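Subject: Structure handover

Hello,

Here is the structure you were expecting. Please open it alongside this note, which walks through what was found.

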Amino acid sequence: MMAKVLIKTSEGDIKVRLYDETPQHRDNFLKLAKEGYFDGTLFHRVIKDFMIQGGDPDSKGAPKGKMLGTGGPDYTIPAEFVYPQLFHKRGALSAARLGDEVNPERESSGSQFYIVWGKTYKQNELKQMEKQMGMQMEQNIFNQLAKEHHDEIMNFRRNRDREGLMKLQDELVDETKKRCKEQGYPKFTEEQQKAYTEIGGTPFLDNQYTVFGEVEEGLDIVEKIQNCETLRGDRPKEDVSMQISVIEE
C-alpha cells in the first residue's frame, strides 16, 4: 500500500501520496510527520506560477518580516532521482536543497519540501528546453574533464604552449561528445510532454531535485496558496500554516 499524508493548511487540505520508488525520502517524511515536526510550520516561500515551499522548523511562530528558509534537521538525504519516471508535473512533491555550488551531489534538505504549480508549455518551448539541457550536459561533462586534466592544462599555460593547449581542448571536446552520445541527450518522454503541455509543471527542475510524491486531492488549495500576496523573501503576507499527519503507510 502506498503511503499517504494529509497536509492540513489554513487555506484547506492537501492529500499527498508518497512514492515507493524514493524510499529514503518517503520514510523520512513519514517519520517527521509522525513526530509532529511540521505542525505549526509555514509555507514560507511562495512564488506564483512556480511552487509553494515549506518544512522549515524556524517558521514556527516566526514574526512578520523574519527571513526563513535555512532551518531543518542536522542531516541531508541522498538524491533519489527516478527520472524520467518521476518528474516535476503540476502537483509533484519534491525536496528542497542547497545549490550545486555547495551541494554537488544534490542531496536533499532533511525537512524542506515544495509542491509544484508551474505553467503549461508549448511543444516548441519544450524542444528549446531540451536543446538547452543538452548544452548544459555538454558543459558539465567538459568541465569535469577539464578538472581531471587540470595539471596538464596549467603546465601548457605556464609554458605558453598554445598548440598543446588547443590540441588538448580538441581532445576534450571530442571526448565530451562521445560521452554525451553514450549517456543520451536529454529528451522529454511522451508522458512528460503531455503533462507539461496540458497540465503544467516546472520541467527545468527535472533531474535536479528529488521528486518523491504527488498531490492526490487539493490541487485547488495549492493554486490558492501560490496565488497569495507575498512580501520580501517570497513569504506570504498572511501566514499559511500547516499540520501534516500520516493517513496511510
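Start at glycine 184, which is partly exposed, with a relative accessible area of 33%. (Buried means under 20% relative accessible area, exposed over 50%, and partly exposed in between, with a 1.4 Å probe and protein chains only.) Glycine 184 sits in the loop between α4 and α5 (190-198). Helices here are DSSP runs of H or I with at least four residues, strands are runs of E with at least two, and both are numbered from the N terminus. Methionine 137 is 47 residues from glycine 184 in sequence, and their C-alpha atoms are 9.9 Å apart in space.

Two notes on reading the values. This is a predicted model, numbered from 1 along each chain as its sequence is written. Local features need pLDDT of at least 70 and side-chain atom pairs pLDDT 80 or more, while totals for chains, interfaces and linings use all residues; side-chain values use heavy atoms, without hydrogens or water.

The overall picture

The protein chain has six helices and 10 strands. Its C-alpha atoms fill a box of roughly 65 × 40 × 35 Å along the principal axes. Of its 249 residues, 44% count as buried. Take the contacts (heavy atoms within 4.5 Å) between residues at least 6 apart in sequence: 76% of them join residues at least 24 apart.

Aspartate 56

Aspartate 56 is in the loop between β4 (51-54) and β5 (76-77). What is the nearest side chain of opposite charge to aspartate 56? That is lysine 66, 7.5 Å away. Aspartate 56 is buried yet has no salt bridge. (A salt bridge is a side-chain nitrogen of Lys or Arg within 4 Å of a carboxyl oxygen of Asp or Glu. For charge, Lys and Arg count as positive, Asp and Glu as negative; His and the chain ends are not counted.)

The side chain of aspartate 56 does reach backbone nitrogens. That of threonine 70 is at 3.5 Å. That of glycine 71 lies 3.2 Å from a polar atom of the aspartate 56 side chain. Leaving aside neighbours within four places in sequence, the contacts of aspartate 56 include Thr41, His44, Leu68 and Gln112.

Backbone points to check

The peptide bond from tyrosine 83 to proline 84 is cis, with omega near 10°. Proline 84 is in the loop between β5 and β6 (92-95).

Two residues other than glycine have positive phi:
- Arginine 160 has phi near 50°. Its place is the loop between α3 (150-158) and α4 (162-183). Arginine 160 is exposed, at 78% relative accessible area.
- Aspartate 234 has phi near 65°. Its loop runs between α6 (219-226) and β10 (242-248). Aspartate 234 is partly exposed, at 28% relative accessible area.

Cavities

A search of the whole structure finds three cavities of 30 Å³ or more. (On a 1 Å grid over the protein atoms alone, a cavity is a set of points where a 1.4 Å probe fits but cannot get out; lining residues have an atom within 4 Å of a point. Points are joined across faces, edges and corners, and a volume is the space filled by probe spheres set on them.) The largest cavity holds about 70 Å³ of space. Of the 13 residues that line the largest cavity, Asn28, Phe29, Ser109, Gly110 and Phe212 are closest to its centre. Helix α1 (residues 23-35) gives the largest share of that lining, four residues.

Best wishes

Methods. Polar contact = N/O pair within 3.5 Å; in protein donor to acceptor, adjacent residues only side chain to side chain. 1 Å grid on protein atoms, 1.4 Å probe; cavity = no way out; pocket = protein on both sides within 12 Å on 5 of 7 lines; lining within 4 Å.
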